[in-house]
Amino acid sequence: MDTGEFNTGQLNTGQLNTGQLSTGQLNTMSAEPIQAVDPMAPRWHRILQRRRENHDTFTLELTPVDQGAAMTFAPGQFNMLYVFGVGEIPISISGDPGQPERLIHTTRAVGTVTRAMSRLGKGDVLGVRGPFGSAWPLAQAEGRDVVIVTGGIGLAPLRPAIYQLLAQREKYARIVILYGARTQEDMVFRRELERWSARLDVEVFATVDRATSGWRGNVGVVTTLIPHAPFDPDDTIALVCGPEVMMRYTVAALEKRGLTHEQIYLSMERNMKCAVGFCGHCQFGPKFICKDGPVFRFDQVRAIFGKWEV
Amino acid sequence: MQTMKDLIAEHPFFRGLAPEHLDVIAGCAQNVRFQAGEFLFREGDEADRFFLIRHGRVALSTYIPERGAITIQTIGAGEVLGWSWLFPPYRWHFDARALEVTRAIAFDGKCLRDKCQEDPKLGYELMRRFASIMVDRLQATRLQLLDVYGRS
């Protein structure tokens, strides 16, 4: 099958379109999506660990209550997390696809559901549906430079990709991570950023909008790192995730460096409800973010990207 | 050994500049080095130079009473620092302090202004390159004002 589709077994009605993935590409990944009975039925998961990332961002590590097989996923995919009596929301998986037994999500407490979720602790139970959506094109990036441009909590959906890139480091040329945050206190996964930065085979550049005391790094938005970042524009795949306005300017900066639209991948976010393309809440022009995305090659969405009403 | 003209030619800011113009501006340039913590210039002082950063990193900052020195932006290798030498009253608007050992090429502003007066083609080329940097920094400043990481 080379149509970009694969059968997760989760849908009785057909195949879940992963956008960039083909079966061959999936085979190069460390994990394949698991078989699930019904994509609309949550599976209970218990919170093993809750970790605070910064003042409003937290990470939950989950394990299935039924003690069955762990959920495998591809980097970039998301789950629907259900807080009983409150509601359900889409959250990207932020853990390591090579360690599917540790199902990890990172999110900010900004809405009703995430605020309720932030009050949960070890031992509490959530409903989980997924994994859904398309993945970062790590197979297509093999042999090339990979530049990751992200801001704020946008690093969370990219962290699984970084884990996989580093686990298969020999398959890629340069790996460059450009990360921006409002202040150093707003950064997420700070210890990991430092650990990646200490490696000799990864280049990490972080920047903040506002330098608070003790910050001796770069000051400026993340796009200011792009002009001098060490990658070959002719042979690079760019993975971009962050607020849409950040991605707009990031695409412009990458274009200025010489990348084509086919070399740039974005993770889009919309109000996803059903996660399988039934409800239409996340419609983005002719596409549904939940099943055609969230990861898109830029040329696939360029015509509608940045439009007010699509 | 690389000449000053070679060093200027390989810096991204002057990439593609005509050889005759490189010869002219090299006459206004010198190599400089700053230790970490050393100031390249101070707010309010006469803006008589600009810098092509070759290695290291410089913080542009301003002092706010009771808050201390606030860094507005950092400028690193491959970038250009300073345009106040181009416009009256030729005064720096910020402090520039090396965050680490920084090597740069410093250009004498008065010398360059005189050369540009004599050769409008060179003047246009310089203004074109500085205008591009100004636009990029204006856009980046607007993005900073938008607080783009606030929601995702």
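## Chain B of a predicted model

Chain B contains four helices and eight strands. Helices (H or I, at least four residues) and strands (E, at least two) are DSSP runs, numbered from the N terminus. Along the sequence the pattern is α-α-β-β-β-β-β-β-β-β-α-α.

This is a predicted model, in which local features need pLDDT of at least 70 and side-chain atom pairs count only at pLDDT 80 or more, while totals for chains, interfaces and linings use all residues. Residues are numbered from 1 along each chain as its sequence is written, and chains are lettered from A and ligands numbered from 1 in the order in which they are written.

The C-alpha atoms of chain B fill a box of roughly 50 × 30 × 30 Å along the principal axes.

Four strands of chain B form an open sheet in the order S2-S7-S4-S5, with antiparallel pairing. Two strands pair if DSSP finds at least two bridges between them. The edge strands, S2 and S5 of chain B, each pair on one side only.

| Edge strand | Residues |
|---|---|
| S2 (chain B) | 39–41 |
| S5 (chain B) | 68–76 |

Inside this sheet, S4 (residues 57–64) and S7 (residues 95–98) of chain B run antiparallel and are joined by four bridges. B:Val58 has B:Ala98 in S7(B) as its bridge partner.
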